[in-house]
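Thanks for coming, everyone. Let me put the model on the screen, and then we go through it.

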Amino acid sequence: MSTTGKHLRPIDDSTVVLAIETSCDETAASLVMGGVDVLSSVVSSQIDLHAQYGGVVPEIAGRAHLDLLNPVVARAIVESGVDETRIDAVAATHGPGLIGALLVGVSAAKSLALTWDVPYIGVNHLEAHLYAGLLEKPDLEMPLVVLLVSGGHTMLIEMRNHGEYRLLGRTIDDAAGEAFDKVARFLDLGYPGGPAVDAIAREGDPNAIDFPRAMRNEGLDFSFSGLKTSVINFVRKNPAVRTADVAASFQAAVVDVLVHKTRRAAEQVGAKGVVLGGGVAANSLLRDRFAAMCADDGRACLVPSRAMCTDNAAMIGAAAWYRLRSDGATSLDTGAFPNLRLPLIEGSW
Ligand code: KG4
Ligand code: ZN
């Protein structure tokens, strides 16, 4: 196995990680010290490049990462105020994600690790989303229940300790973010769909249409594809309905199920706290309802800042620090993994 940085000094609160994120349509770099102290975080979004196609075009994403990554990394280093000789390790998301996009970040991180002779750390993007919240409240007591809701995933995870995850529930069809994006496309609200639905829903009545709450009282798995179909069928039958009312009622149905199941999961495992994560965690109603649930239940709660919910490299730097401490450097022979899953101590998917 070949790794760089064989003479790494002990991993501690002063260990500085340069982290790179290129798994989808954000090119991001960040310097994080000790797994919690964000020295800089630069995110360059490609949304404008993909908007005209109504979704992320993998080929365009890969090329854009190539153009953007060097200036983004350079800016992250300058903004951190830290000299590059202080960087102790270089991390990159190595999955899951678009293969062409992932490879840009992984190759850059390995090159920098070789150049500086410091360890390279390949990071699981899903694990990083779990750490995004902890960056803002690192002292939360475990076990935690994390609701991870993004464009590709909807999962309830019990975090028993660092690196120890148990899958409690997941979607059996569409991810929550995917449902937002598909409904937004059907309603002609543009791309990306989640923020568009969130915005127009503010002018609508969430009780206007009683959309189904699939599997609300059955276990901890989710299903959103029937809801999406219900929205489509309803609008086709009622073309005069206000789009804002449809968006608000759809959003209310998604959020109701997400919050209800998170509460049940937290009760089941006796969680000390609940954490929200992933791109859909930027949703206004979900954030409000999640916080209200915690207040009602008297449970510690973490609703991260919006910037920490959507893709960024600070969360990669946080997860990398814990992985470096527990597993050491990643071999330079390790590639990128488009379908990488969260490592679980129990449960399967
Ligand atoms: O975590 P993320 O940035 O990328 C993935 O790893 O998937 O999540 C992107 C997803 C998209 O489906 C987007 O529509 C959704 O998060 N999203 C939102 C909001 N902001 C982003 N969904 C609902 N409301 C929002 N405000
Ligand atoms: Zn993500």
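Is E79 buried, exposed or partly exposed? E79 is partly exposed, because its relative accessible area is 44%. The cut-offs: buried is under 20% relative accessible area, exposed is over 50%, and partly exposed is in between, with a 1.4 Å probe and protein chains only.

Ground rules next. This is a predicted model: local features need pLDDT of at least 70, side-chain atom pairs count only at pLDDT 80 or more, and totals for chains, interfaces and linings use all residues. Residues are numbered from 1 along each chain as its sequence is written, chains are lettered from A and ligands numbered from 1 in the order in which they are written, and side-chain values use heavy atoms, with hydrogens and water left out.

Back to E79. R75 forms a salt bridge with E79, and the closest N and O atoms are 2.9 Å apart. The term means a side-chain nitrogen of Lys or Arg within 4 Å of a carboxyl oxygen of Asp or Glu. By that rule the count is 20 salt bridges. R75 and E79 are about one helical turn apart, because four residues separate them in helix 2 (residues 58–80). Helices here are DSSP runs of H or I with at least four residues, strands are runs of E with at least two, and both are numbered from the N terminus. R75 is partly exposed, at 47% relative accessibility.

Next pair. R213 forms a salt bridge with D256, at 3.0 Å between the closest N and O atoms. R213 lies in the loop between helix 6 (193–201) and helix 7 (225–237) and D256 in helix 8 (residues 243–269), so the pair ties together parts that are 43 residues apart in sequence. D256 counts as buried, at 13%. R213 counts as partly exposed, at 27%.

Now the metal. Which residues coordinate the zinc ion (ligand 2)? They are H125 (NE2), H129 (NE2) and D311 (OD), at 2.1 to 2.2 Å. Donors are N, O and S atoms within 2.8 Å of the metal (3.2 Å for Na, K and Ca); water is not among the atoms, so sites may look incomplete. Along the chain, the donor spacing is H-x3-H-x181-D. H129 and D311 are both buried.

Last, the strands. Strand 4 (residues 89–95) has seven of its seven residues buried. Strand 4 pairs with strand 1 (residues 16–21) in the parallel sense, over four bridges. Pairing needs at least two DSSP bridges between two strands. A19 stands opposite A91 in strand 4.
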